[in-house]
Amino acid sequence: MPWQTRECDVLVIGAGGAGLRAAIEASAEGASVTVLSKSLLGKAHTVMAEGGMAASMGNVDDRDNWRVHFSDTLRGGQYLNNWRMAEIHAQQAADRVRELEAWGAIFDRTKEGRILQRNFGGHKYPRLAHVGDRTGLEMIRTLQDHGIHQGIDFLMETTVLEIIKDGDRVSGVLAYDRERGRLHLVHAKAIVMATGGIGRAFKVTSNSWEYTGDGHALAYRAGAELVDMEFVQFHPTGMVWPPSVRGILVTEGVRGEGGILKNSEGKRFMFDDIPPLYTDQTADSEEEGWRYVTGDKEARRPPELLTRDHVARKIVKEVKAGRGSPHGGAFLDIAWIKEHLSDAEGHIRKKLPSMYHQFKELAGVDITKEAMEVGPTTHYVMGGIKVDAETQMSCVPGLFACGECGGGLHGANRLGGNSLSDLVVFGRIAGASAAKFASEHGDTSINEDAASDIEAAALAPLERSSGESPYAIQYELQDVMQDLVGIARTQPELEQAVERIADLSRRAATTSAVGNREYNPGWHTALDLPNLLAVSEAVARSAAGRRESRGAHSRVDHPEKDEQLGTVNTVVRRLDDDSMEMAHVPVVGVTEERQAIVKEMG
Amino acid sequence: MAQKATFRIWRGQANEGGFVDYPVNVEDGMVALDVVHQIQAEQAGDLACRWNCKAGKCGSCSAEINGKPRLLCMTRVGDLDLSKPVTIEPMQAFPNIKDLVSDVSWNYRMKEKIKPFKPRTPDNEDGTWNMSQADVERPQEFRKCIECFLCQDVCHVIRDHHKHDEFIGPRFLVYTAALEMHPLDTEDRLADLRHRDGIGYCNITKCCTKVCPEHITITDNAIIPLKERVVDEFYDPITKLLRIFRPKKS
């Protein structure tokens, strides 16, 4: 079958918040832009973001400014962040929120008619611009509705198979569309990766089928480095029952609005153990915690709003100690606020409408009357393609990355609300840099032999008459990652995981998919496997190399922090023999000026 | 508690095919999308079905279950009558691609035609606007839309009368309403609504409101007010008279 071909200056892979923002910016800079989207437009994972978008506008508490946001982000990331990225992010997030408003987004308002901001874990002041609990939908729809009028070429339900290079530079990709299974050769001067995360490598996840680490793996195979891959965020509150909804996200906004965590004995266990970095910022009593969530500027935040890594570990600890909920989680109670509010039911339904419906419709639980059962779920990968803070370019010329598949901003743990702002801050920068790169560099040629090899590999599962089911291998990998590379890790288990992944990789090369090329999910699963396996190996190897516990990476055999490891990031890269090399490199962007800000903020 | 049930699923391409029965063990709390995934993994690896979030937030897994337009991920199997086969088929108002997947590209083309958001000059020097919560609540209701297109699927103007070329359907009337009722918007879309978008075709049977998984009151809050505005603009004799003496809004 001949390939469908197209040419562009900038090719954006992914159409979530980061990809759309990158495409809009590249187009505004005069570049011709093509966007490949694995799903339909407007369906990307950004719609799942609930709580809000962090930006220090200071609309609710005027003590907030970018320096506080910068310092909070580093504290949350345990100082392993790319400090320059954290600075750019904190400085530009507010402008990106305002820009969304100018493009039609309607955020919730303060009494004065400005954009309302809410509390969230790890943020010192109310900082999250939001729309009820559907902020991500508001963002993606705003970008989509703006983007479709910018002359951008969108290809929906199209998945990239491999990047093609011309010498060191990227020159295009070969992709397939789901609808017909046709192959598309896209020739581009610059490529922006905006493919999101890797959550489907785990069994319990809040992520959709798309999140198979495509961008991470494609960039890795094209020669880019992946940084911080050991840091996978397990969101503390996913649904745990019924089984079919296990892992679906319960927004941190529930706790931001006053929700508390209790064990089976009815004890509010989060007060038991406050990490030293946060003792000064955390409430001493339940009464002070309530005052905080209702806007008392003198009060400190309740321990439920500590960082996600800590809250997730605390829930696991309660469950392991036999004090869990009936289905192996903890109780998250927002109904209790009726002790303080006369119209608690109305308040909850207004502030958390989609949570109300989610529990009512999927679990038969009325959250205005009963507690929810929640437990950790794989949510986000802090690690990603290593990029330069100013341009978002990887070490491969012409290959850029932004959003979740880019690495550096979040360090060892991401603060809630910093993801939506990350998407638009760095999406914009990546789009602008890619357009500039395309205008400053000449044409490349595209190697059709390489494309033919990619095509042959992609069609192989359909041509094999016998072989393992791709679903079986995916399920086995999810078990390996969940059991051996999950929330509590040990050296022997991580090493065992690396071996198991190698074995699964060998088996993945011989899968067979029934049916034809048209909209064939079995075949698509077979094509996702090499990416899932590559990112899984990167997570396991990076985790094995970090023999300490820090942020989202928790080692049962090394429960303390290691001072030396607190100054380095893990990177993995592909060697010529196709093996994966792991190394530690110094944290980027630490300057005296930035250290002074951190010190000043305490 | 596992229970045996039969799911009768439409298999085929481009509207050619038929129903195939699949025996399924239904577990507690399962939704229809879980059933489809189980069949994919165990019985029919190439059963096509579009889905993403599995939490009712993306609007990808629209289909018809026992003839009713619904999201597969938000339909609890326990709420269905399992004593007889449960049918699942693709949306009927759009061309079928394969199995449960419909070609919804018409919707994307419709949206592009609608004049985009055009805000008034900012209120404040920093480029921001002031809006009160009370003023944004109505457009916020419309902006809850997840674009599942179930309202388009159920609308008889599209589904039965195939007026795809003359009528934009409930989804895009809601979209237009969100723009028209946006406190900052200055664009005028009433002429388009009347002529190009075919708002007159809607005879307010409210089927769209009934199937909306986001519980948007599509007919009462979006379509009827738009109809009123169109009537005021084009059919009100006093307005017509006034227009002769007063220039149109800029």
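Colleague: How many residues of chain A are in contact with chain B, and with how many residues of chain B?

Modeller: This is a predicted model, in which local features need pLDDT of at least 70, side-chain atom pairs count only at pLDDT 80 or more, and totals for chains, interfaces and linings use all residues. Residues are numbered from 1 along each chain as its sequence is written, chains are lettered from A in the order in which they are written, and side-chain values use heavy atoms, with hydrogens and water left out. Taking contact as heavy atoms within 4.5 Å, the two sides come to 63 residues of chain A and 57 residues of chain B.

Colleague: Which three residues supply 14% of the area that chain A buries against chain B?

Modeller: Buried area is the accessible area (1.4 Å probe) that two parts lose on being put together, summed over both. Chains A and B bury about 5,000 Å² between them, with 53% of it on carbon and sulfur atoms. On the chain A side, the 14% share, more than any other three residues give, comes from Lys43(A), Ile106(A) and Tyr519(A).

Colleague: And the charged links: which residue of chain B meets Asp145(A) in a salt bridge?

Modeller: A salt bridge here is a side-chain nitrogen of Lys or Arg within 4 Å of a carboxyl oxygen of Asp or Glu. There are 6 salt bridges between chain A and chain B. In one of them, at 2.6 Å from N to O, the partner of Asp145(A) is Lys111(B).

Colleague: Happy to move on to rings! Is the pair of Phe70(A) and Trp83(A) stacked or edge-to-face?

Modeller: Rings of Phe, Tyr and Trp (its six-membered ring) pair if their centres lie within 6.5 Å; planes under 30 degrees apart count as stacked, over 60 as edge-to-face and the rest as tilted. The structure holds 12 such aromatic pairs over all chains. The centres of Phe70(A) and Trp83(A) are 6.4 Å apart and their planes stand at 75 degrees, so this pair is edge-to-face.

Colleague: Is Trp83(A) buried or exposed?

Modeller: Buried means under 20% relative accessible area, exposed over 50%, and partly exposed in between (1.4 Å probe, protein chains only). Phe70(A) has a relative accessible area of 0% and is buried. Trp83(A) has 5% relative accessibility, so it counts as buried.

Colleague: Which residues do ring pairs link into a cluster?

Modeller: Phe70(A) and Trp83(A) are both members. Ring pairs join them with two further residues, giving the cluster Trp66(A), Phe70(A), Tyr79(A) and Trp83(A).
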